[in-house]
Amino acid sequence: MINCDTAWVDFWDFPLANQIINHVGKRYVMAKSGQHIWRNSDPSPNWPGYRDLIYWQSPDGDNNFVAIEYEVCKRDHGQLIQLQYGGNTPTTSIFRYLSPGHAAARQPGFFYPTLAPWQGVSYTEMWRNANPNDKEYMAMVREGLDEASVFGMLGQVPVAQRIFAERFNYGVEATVVYQCYLQQENGFRQCGVEVCIYLTGYQLPPSDGPPEAARHYLRNGEIIWSLYMPIPPTQFLPGNPNFEDEIRFWGRQVLNKMDFCIYEGIYNVNGSVVADDGS
């Protein structure tokens, strides 16, 4: 199951070392450019009960950080509610709404789709304004896992390659997902696809463990995620049986054309930076 409890564990608080972990960061390296990206998650000062997710990019992982994405999320019984995405600050990131009525009332938030093991596709609807015709979709489409290809892609980050190979020791699954965004405003459609390879199944560490006890738990989530690739407006919409194949056609091109990020096994829990140095 791809949902907020299995794939985005770093978005939420969890107990560790006799404290509640409020700040969580995971570091990735971009395969083609060599730039590093920290994805940081903290309680939101503007939205009580929600968390701010800020993606920071830097040349070396330690200095000259530039914010490249700002999002706001909340957990709700295994589902993820997202308020904003698509900008690098609270004011430029775009609010999404569950319905035109929610948009008119300025009550943001939509349910991010979850993907069960038996599903090939899952999607959700949203709006960015009160125009009923400006319906948007966020969809997740499952793809088959090419073990050798993924292992080769991870080769430039040995710790990621090891994490991927070790998943069998822990009964952890790897799932390839194409995340598709179908956006529309004033009749203009814009579509794009990202590729994510998720690991899911590592268990929560004991609450009395030290910061490094989180290393397996924080392997959950994207071991690879690609940059967004724009695609032509899709011929089919979610719900049409041809939609999956259309997205798979485009999704298979993304990693060849776009830079992609690999988890470096480096994370931060409440200010302690830890490296995943072994099983």
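## Close-up views of a predicted model

View 1. The largest pocket has a volume of about 650 Å³, where a pocket is an open set of points on a 1 Å grid over the protein atoms alone, at which a 1.4 Å probe fits, with protein on both sides within 12 Å along at least five of seven lines. Grid points are joined across faces, edges and corners, and the volume is the space filled by probe spheres set on those points. Of the 29 residues that line the largest pocket, the closest to its centre are Y55, E69, E71, Y181 and E194, a lining residue being one with an atom within 4 Å of a point. Strand 4, strand 6 (66–76), strand 7, strand 12, strand 13 and strand 14 each supply at least two residues of this lining; strands are DSSP runs of E with at least two residues, numbered from the N terminus. The structure is a predicted model, in which local features need pLDDT of at least 70 and side-chain atom pairs count only at pLDDT 80 or more, while totals for chains, interfaces and linings use all residues. Residues are numbered from 1 along each chain as its sequence is written, and side-chain values use heavy atoms, with hydrogens and water left out.

View 2. In strand 3 (residues 24–30), 7 of the 7 residues are buried, so the strand is largely enclosed by the rest of the structure; buried means under 20% relative accessible area, with a 1.4 Å probe and protein chains only. In a regular strand the side chains alternate between the two faces of the sheet. Here V24, K26, Y28 and M30 point one way, whereas G25, R27 and V29 point the other way, and all are buried. Strand 3 pairs in the antiparallel sense with strand 4 (residues 36–43) over 6 bridges, two strands being paired if DSSP finds at least two bridges between them. Within this pairing R27 stands opposite W38, and in the hairpin, which has 5 residues between the strands, G34 takes a positive phi near 80°. Strand 3 is also joined by 7 bridges to strand 16 (residues 260–269), again in the antiparallel sense, and there G25 stands opposite N268.

View 3. Rings of Phe, Tyr and Trp (its six-membered ring) pair if their centres lie within 6.5 Å, and planes under 30 degrees apart count as stacked, over 60 as edge-to-face and the rest as tilted. By this rule the count comes to 17 aromatic pairs. The rings of Y28 and Y263 have centres 5.6 Å apart and planes at 50°, so this pair is tilted. Because Y28 lies in strand 3 and Y263 in strand 16, the pair ties together parts that are 235 residues apart in sequence. Y28 is buried at a relative accessible area of 0%, and Y263 is buried at 1%. The rings of Y85 and F110, with centres 6.3 Å apart and planes at 65°, form an edge-to-face pair, which links Y85 in strand 7 (residues 79–87) with F110 in strand 9 (residues 110–112), 25 residues apart. Ring pairs also link W8, F11, W12, Y112 and Y198 into a cluster. K26 lies over the face of Y263, at 4.5 Å from the ring centre; a charge sits over a ring if NZ of Lys or CZ of Arg is within 6 Å of the ring centre and within 35 degrees of the ring normal. The charged end of R167 sits over the ring of F164, 4.2 Å from its centre.

**View 4. Strand 13 and its neighbours.** Of the 13 residues of strand 13 (residues 188–200), 10 are buried, so this strand is largely enclosed by the rest of the structure. Strand 13 pairs in the antiparallel sense with strand 14 (residues 221–226) over 4 bridges, and the bridge partner of C196 in strand 14 is W225. Strand 13 also pairs in the antiparallel sense with strand 15 (residues 229–231), over 3 bridges, with G192 standing opposite P230.

View 5. V176, in strand 12 (residues 173–185), is buried with a relative accessible area of 7%. Leaving aside residues up to four places away in sequence, V176 touches V141, R142, E143, G144, L145, V195, C196 and I197, contact meaning heavy atoms within 4.5 Å. M140, in strand 11 (residues 135–143), is buried with a relative accessible area of 0%. M140 and Y181 are 41 residues apart in sequence and 9.1 Å apart in space, C-alpha to C-alpha.

How values were computed:
Buried < 20%, exposed > 50% of the residue type's maximum accessible area, 1.4 Å probe, protein only.
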